[in-house]
Amino acid sequence: MKQITVIIHTENDLLLDTLIDTLRISNIRENITNLLINAKGCTPWTNDILFQKIISLPKNYYEITPTEKSSTNSIVELLTKVKTEQVLILHENILPLMPFKEWDKTTNTYLLAPTNDLLHLNWDNKYNYINGFIADLITQKTGHIFDIKDKRYFKKAKHPLLNKRIIHIDGGLGDHIMAYPLLEKIGKDVYVSCVYPFAISHIKTKGQIEWNDELFGGYNRFVYNYGSSNNTPTIIDAYFEMYGEKREEQDILKYTGPITPYKKHKPIALISTTAAKIGGLDSNKDWPEIRWFKLIYELKQLGYHVIQVGSYKDNQLPLSPAPGGVDSKFLDKSIPELAGLIEASDLWLSVDTFFHHFASSVKPEVGICLTPFYNNHAKHKGVTYIEKDCGKDYYDRRWWLDSQQSERKDCMNLITVDDVLKKINKPNTKRKYKVIYYSLGPNDNCSNWRAYMPFDRTSESIEYNIIDLTKDKFDLERDKQADIVILNRPVVDFLDYIKTLQSYGVKVIVDYDDAFPYVDLSESIFISSYTEMLNILYQVDMIITTNEILKYYFEKHTKKPVVIFPNIVNPNYVSIKKDRSDDKIILGWYGSGGHLPGLKLINKDVLKILNEFDNIYFNLYTDNQEIINLFKHPKTTVYPYNYDFNEFQRSLDSIDINLAPLEETYINLGKSDIRIQLAAFKEIVSIASNFGEYKNFGKLNNGAILVEDDWYNAIKELISNTSKLKKIKVNALKTINEHYNYKNWSDIKDQTLINLINDKI
């Protein structure tokens with residue numbers, strides 16, 4: 001006969017004495033090699049006579065332990081310690097001199113069975129008495145039903161699931177992940193009872209049973225109890241041993257379920273900072289938060305896009321641009337979504353928690369886990385572990401609850417940011433950042449100045465994509481893959497969309513080239529529109545504008561960075577004016593109806609010039625009838641304004657003098673000088689109001705004629721003095737080359753946007 005371990009739960013010295021006498025004369029006496037006793041409410045080790053009987057059993061290893069557990073819970077605990085091929089469970093009321101035989105169906109006061117048979121059965125610790133527990137096991141194995149007065153047994157005995165193998169998974173989400181190798185191996189043959197069914201739903205099983213079910217809720221074998229009792233190498237090994245399965249080389253931790261793809265255009269580093277709380281207290285396995293802040297900052301300097309993963313219940317890190325803030329968060333997502341993000345990641349860093357285990361099942365080779373000492377049972381192949389020995393020996397408690405191992409905190413506190421950085425590789429940053437700019441298309445000249453002129457180009461570091469909203473629409477799936485999304489001018493009901501983009505780590509910029517408001521005070525939507533604009537200023541990551549006046553203005557409305565990208569001429573879009581051979585001098589003006597007040601400042605003077613000088617003509621580029629009416633004259637030629645930009649700017653080649661009147665208003669104070677720039681680039685001289693940005697341009701190298709109110713004499717002097725006209729041409733072009741150089745500003749824009757992406761602004 002094989003070696004036998006006898007397990008006994010006793011609550012009475014006299015009954016235990018009878019049991020020992022029975023064993024000493026039993027048919028299995030010579031095969032008993034281990035005797036495991038849990039004593040509740042009694043102390044058999046103080047009874048000299050009884051104690052001598054126990055130790056007199058031949059070949060006997062004995063262990064007597066005090067317990068407070070119920071009888072069935074006590075027996076279950078002892079079962080986890082059995083290492084022999086057979087086990088004998090004894091009830092204290094067993095009849096003396098009974099011959100013990102395997103799987104005896106005549107009594108339920110003892111059970112002699114192969115240990116591995118019992119490991120494959122279900123242990124119900126909710127029985128009030130041991131005989132019900134024993135009867136349950138025998139019925140599972142043999143089908144024999146006992147006639148006993150036990151309500152729990154009576155309900156279960158004929159239940160169709162009684163003899164079906166049920167694997168129970170207790171503990172947290174991480175412990176469910178550790179069961180993957182066992183379930184992948186035997187799942188198709190078993191039912192599963194667990195706390196978090198969604199964590200294992202991808203594994204094929206016979207079905208899942210609610211773990212708190214009245215009949216099957218006692219099947220709560222706990223892997224940590226088993227691991228602790230048996231000094232098992234790892235949690236995964238403990239699952240296999242606890243259920244009597246041999247772990248083969250191919251039984252590794254690997255997630256085999258569905259994966260939701262996560263598109264990326266940047267190196268991703270995932271951060272999981274919080275282990276499970278117990279009783280609302282932070283885990284001893286957590287790393288000091290201030291070090292996470294510093295580490296995240298360093299990761300960004302290396303070029304990583306940093307995402308916090310986990311749950312909203314975790315300690316929340318701030319979002320960028322807060323110092324040490326993460327770029328985005330990916331919290332409480334489904335298992336397939338999380339798997340997709342991990343698969344797309346270039347690096348993940350975690351304390352010993354659920355994410356550490358799950359990420360190890362998906363992509364261990366890019367993982368770094370910060371872990372306490374004596375935590376080898378929770379490690380995985382392929383992951384890089386960083387640990388420090390605090391000098392305190394708590395090895396014997398390594399399987400205990402986290403709250404019972406305060407030394408773990410001492411170990412974690414010894415890990416420095418430099419320790420982690422030494423293990424991190426610089427990501428492959430040889431990629432183009434992606435910037436999307438939403439505009440009103442090439443037929444809107446404001447969009448031309450703010451979108452097409454600066455961003456319709458090839459860059460070594462940035463891929464620019466201009467979206468024409470007259471032909472396309474906002475697309476979240478496209479936008480969330482960008483590094484930056486730029487919105488030109490305020491948009492209605494857009495605050496939530498901006499927040500959504502930022503939740504995916506996208507930086508959002510608004511490009512405002514005028515001061516507020518954009519709607520009239522009398523309009524019913526004024527308050528809601530104005531309020532949203534202000535909220536947008538607070539929400540976005542950056543505001544870009546055209547000049548110092550607007551920069552100063554917007555900085556009064558927000559604490560977010562305001563950066564100047566001036567309106568500027570792209571040489572690729574603009575042709576150079578060729579001089580004519582005739583003696584004509586053509587005046588010109590271009591624009592929309594919003595400039596009507598400014599044109600009322602000059603229309604009479606222009607008409608007077610046209611009447612007095614035979615060689616002077618006027619080209620008017622507009623679609624506004626009121627403006628056309630102001631300049632009705634035989635020598636006035638009207639051209640449509642809002643059509644193809646290339647055609648429009650080529651048609652300006654006909655004019656010699658650009659008229660740029662500007663009414664002195666609140667809005668006009670921040671108007672860009674692009675009207676003068678475009679003319680200057682084409683070597684067309686401008687006569688402009690001595691106000692705002694027009695005034696600033698005119699003072700640079702005397703690149704324009706500035707006028708207070710006497711437009712007639714300013715025009716007359718210039719058309720009468722060809723040498724002055726030529727000199728202003730030279731000065732104007734010099735101003736463009738020195739202050740509005742396209743290449744220089746393109747480089748500034750690229751670097752500014754890259755700095756924003758990498759949180760260096």
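In the predicted model, six strands form an open sheet in the order S11-S10-S9-S12-S13-S14, and their pairing is parallel. In general, the strands of a sheet pair through backbone hydrogen bonds, in either a parallel or an antiparallel manner. Strand S10 (residues 305-310) runs parallel to S11 and is joined to S11 by four bridges. Opposite Gln308 stands Lys329 in S11.

Helix H13 (residues 354-362) lies across several strands, namely strand S9 (268-272), S10, strand S12 (347-351), strand S13 (367-370) and S14. Relative to S12, helix H13 runs at about 145 degrees.

A further contact is formed between two helices. The packing of two helices is described by the angle between their axes and the distance between those axes. For helix H9 (residues 223-230) and helix H10 (residues 235-242), the angle is about 95 degrees and the axes are 9 Å apart. Helix H9 is therefore roughly perpendicular to H10, because angles of 65 to 115 degrees fall into that class. On the H9 side, the contact is made by Val223, Tyr224, Tyr226 and Gly227, and on the H10 side by Ile235, Ala238, Tyr239, Glu241 and Met242. Classified by residue type, the contact of H9 with H10 comprises seven nonpolar residues, one polar residue and one charged residue.

How values were computed:
Residues are numbered from 1 along each chain as its sequence is written. This is a predicted model: local features need pLDDT of at least 70, side-chain atom pairs count only at pLDDT 80 or more; totals for chains, interfaces and linings use all residues. Side-chain values use heavy atoms; hydrogens and water are left out. Two strands pair if DSSP finds at least two bridges between them. Helices (H or I, at least four residues) and strands (E, at least two) are DSSP runs, numbered from the N terminus. Contact means heavy atoms within 4.5 Å. Axes are lines fitted to C-alpha atoms, for helices over the stretch in contact, and angles run from 0 to 180 degrees between N-to-C directions. Angles under 35 degrees count as roughly parallel, over 145 as roughly antiparallel, 65 to 115 as roughly perpendicular and the rest as oblique. Ala, Val, Leu, Ile, Met, Phe, Trp, Tyr, Cys and Pro count as nonpolar, Asp, Glu, Lys and Arg as charged, and the others, Gly among them, as polar.
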